[in-house]
Structure formats: structure tokens, C-alpha cells
Amino acid sequence: MLEFQFASLTAFFEMAPHGIYVWPIYGLGVLVLGGLTFANARQHRRAVRMIQRNLEREETHES
Amino acid sequence: MGWRWFHQWGSPRWFYERAGRWQLVCGWLALTLLITGSFWGLALAPVDYQQGNSYRIIYLHVPVAFLAQALYAAMAVCAVVLFVWKMKLADVAMQSIAVMGFAFTALSLISGAVWGKPTWGTYWVWDARLTSMLILAFLYLGVIGLRAAIQDPDQAGKACGILVLVGVVNLPIIKYSVEWWNTLHQPASLKLTEKPAMPASMWVPLLTNILGYYIAAAYLILGSMRAIVLERERRSAWVRELVSRA
């Protein structure tokens, strides 16, 4: 049976005496996954903008 | 059917059109698994009788350490595909995996060091497992740096492929380091061939997170590959049409 292993939410966040080690690592994990997702989206947007600029430049040249 | 499924991977357009959908599925699946596995590991799994709550770091450390090695092996497979079949997408995959692989290796080293402090009394020892993982991080950095240093993408791909294949020798060293040398790092917590030593209430969330991180890596690699495909294929008619419609 799955049970919450801590007496309170405070005890959960303290994880006495190891909360200071555990939580920053999970925070870093979220930061890495979020950062890579953000970096991918930015790289994709940048590629689309670059191609759009090239197309516009070509159109201006042709006209 | 035959080899058609394999040849389809030779078309960047075929990949780009499908990868967006695959990415969406992987993203939501990874998020669900990681939230479930992490909450289970942090709040519902029992406290370890020796390590106390510090052991809860393994729910992140073990999946990312597995992933760091698996991604390097995947990069080596891509290098072989690039050399044998000259498939452009394999080079794109190699470029994407190098960045993700470095990120997960760094996360594995940092989480291992932080777990080591309360468990071993030190953040770092020059133990065979830790050192070979550090070499893996340098190999990833080497691949990223080498690509950045060579302007021609084809030449860069070939050079990176050679470096990746040479570096494969480090993978068995990482795996067997805990058996070949007397290390502070313990043997694998989870093996495919043996029943886990820990109770199910501890290993089920670990397995959930391992699956979650693997799918998250797939999500990230697909996203990065789509962006690289767009950049590399910017002169192709299909990309120009796609962007002008956007």
C-alpha cells in the first residue's frame, strides 16, 4: 500500500537531514529539461525566421 | 515491407513532417511518467535504512546516468549509419544527441557528487566509475567542439563520427569499472538479468523515472533534430514552401 512517508509537509520538504541535498538536485533536473526544451524551441524559431528573411530578400531582388 | 521503413529515414522531409507529432506524444508521456515517478520516489517510497532520505537522489541520478551512456551508444550507431549508408539524418541525430548527452552526463555527475557528500562524506573521489563518467562528459564536449570548429557540415559529420566511434571504448569501461577495480561507487542498483535487491516500492518508481527520462530524451532529440533539419535544408523547395505558408 502506498503511503505518504512523512509526518507533515514541512517534514517532507526538510527530509531531515537531507533536504538540502535532495531538492536542489531535482530543481536542477527541472532546469535542465526546461532549458533544453526552451533552447530547442528558440533554435526552431530562429531557423524559421532566417528562412523567411532569405525568402523576403529574394522576393525584393526579383521585383 | 522489406527495408522501406529504413530508407524513409533518408528523407529529411519525411522525418520533419512526422517528428512534430512524435515529439508531442513523447513530451506528454515523459511529463506524466516523470511527475508520477518523481512524486512516488520523493514522497511515497520508504526511507532507506542506511542512507536515510539522501537515497531519493537515485530517482534522478540513476536514470540520467543510464541515459548518458545509452545516448553515447546511440550516437555511435548514428556514426555507423552515416559511414555505411551516408544518411544525412544520422548526422543530424549525432549533432542533437551530443548536446543532450552532455547535459545528462553533467547532471549525472553533479547529482552523484551531491549524493556522495552525505553518503561517502565527499563530493568527489578519483574512483574508476566517476572518472570514466567524467571522460564521457569530455568526449561529448569534444564532439560538440569538433563540430563547431569545422565549417563544412559533411566534413564535420565525418570527423565527429570517427571521434564518437573511438570513444565507444569508454562504454564497457564505465559499465565494468565497478567490477574491474575496487571502487567506492556501488554496483548497478538495477539489472535486467537479476531480481532487484530493493523492494518493489523502491524500484517501481525508479523504473518509471528511467522510462520517463528516456522518453524525455527522445522528445528533446526530436525537437533539436527538427530545428537542425530546417537549417540544413533551408534551400530545399519543401522547406521554402513550408516556411512561406507559416
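How many salt bridges are there over all chains? The count comes to seven, where a salt bridge is a side-chain nitrogen of Lys or Arg within 4 Å of a carboxyl oxygen of Asp or Glu.

## Basis of the report

The model is predicted: local features need pLDDT of at least 70, side-chain atom pairs count only at pLDDT 80 or more, and totals for chains, interfaces and linings use all residues. Residues are numbered from 1 along each chain as its sequence is written, chains are lettered from A and ligands numbered from 1 in the order in which they are written, and side-chain values use heavy atoms, with hydrogens and water left out.

## Overall form of chain A

Chain A contains two helices and zero strands. Helices (H or I, at least four residues) and strands (E, at least two) are DSSP runs numbered from the N terminus. The C-alpha trace of chain A spans about 75 × 25 × 15 Å along its principal axes. Its radius of gyration is 24 Å, whereas a compact globule of 63 residues would have a value near 11 Å. The radius is taken over C-alpha atoms, and the globule rule is 2.2 Å times the number of residues to the power 0.38.

Of the 63 residues of chain A, 30% count as buried. Buried means under 20% relative accessible area, exposed means over 50%, and partly exposed lies in between (1.4 Å probe, protein chains only). The accessible surface of chain A comes to about 4,400 Å², and 61% of that surface belongs to carbon and sulfur atoms. Such areas come from the Shrake-Rupley method with a 1.4 Å probe; for residues, only the protein chains shown count as cover.

## Charges on chain A

Chain A carries 6 positive and 6 negative side chains, and the centres of the two sets lie 9 Å apart. Lys and Arg count as positive and Asp and Glu as negative, while His and the chain ends are not counted. The place of a charge is NZ of Lys, CZ of Arg, CG of Asp or CD of Glu.

Patches are made of residues with over 30% relative accessible area and no salt bridge; like charges are joined within 9 Å, and nonpolar side chains (Val, Leu, Ile, Met, Phe, Trp, Tyr) within 5 Å. A:Arg46 counts as partly exposed because its relative accessibility is 46%.

## Overall form of chain B

Chain B has nine helices and zero strands, and its pattern along the sequence reads α-α-α-α-α-α-α-α-α. Its C-alpha atoms fill a box of roughly 65 × 35 × 35 Å, taken along the principal axes. The radius of gyration of chain B is 20 Å, which agrees with the value near 18 Å that a compact globule of 246 residues would have. Of these 246 residues, 50% count as buried.

## Salt bridges in chain B

Side chains of opposite charge can pair when their charged atoms come close. B:Asp91 and B:Arg232 meet in a salt bridge at 2.9 Å, N to O. B:Asp91 lies in helix α4 (residues 88-120) and B:Arg232 in helix α8 (residues 200-232) of chain B, so the pair ties together parts that are 141 residues apart in sequence. B:Asp91 is buried, with 4% relative accessible area, whereas B:Arg232 is partly exposed at 30%.

Salt bridges with shared partners also join B:Arg13, B:Glu17 and B:Arg18 into one network. B:Arg13 and B:Glu17 meet at 3.0 Å, N to O. They are separated by about one helical turn, because they stand four residues apart in helix α2 (residues 12-44) of chain B. The contact between B:Glu17 and B:Arg18 is 4.0 Å, N to O. B:Arg13 is partly exposed at 39% relative accessibility, B:Glu17 is partly exposed at 39%, and B:Arg18 is partly exposed at 26%.

## A nonpolar patch and a buried leucine

B:Leu24, B:Trp28, B:Leu31 and B:Ile35 form a nonpolar surface patch with about 470 Å² of accessible area together. B:Trp28 is found in helix α2 of chain B and is exposed, with a relative accessible area of 58%.

B:Leu89, in helix α4 of chain B, is buried at 5% relative accessible area. The C-alpha atoms of B:Leu89 and B:Glu233 are separated by 11 Å, although the two residues are 144 residues apart along the chain.
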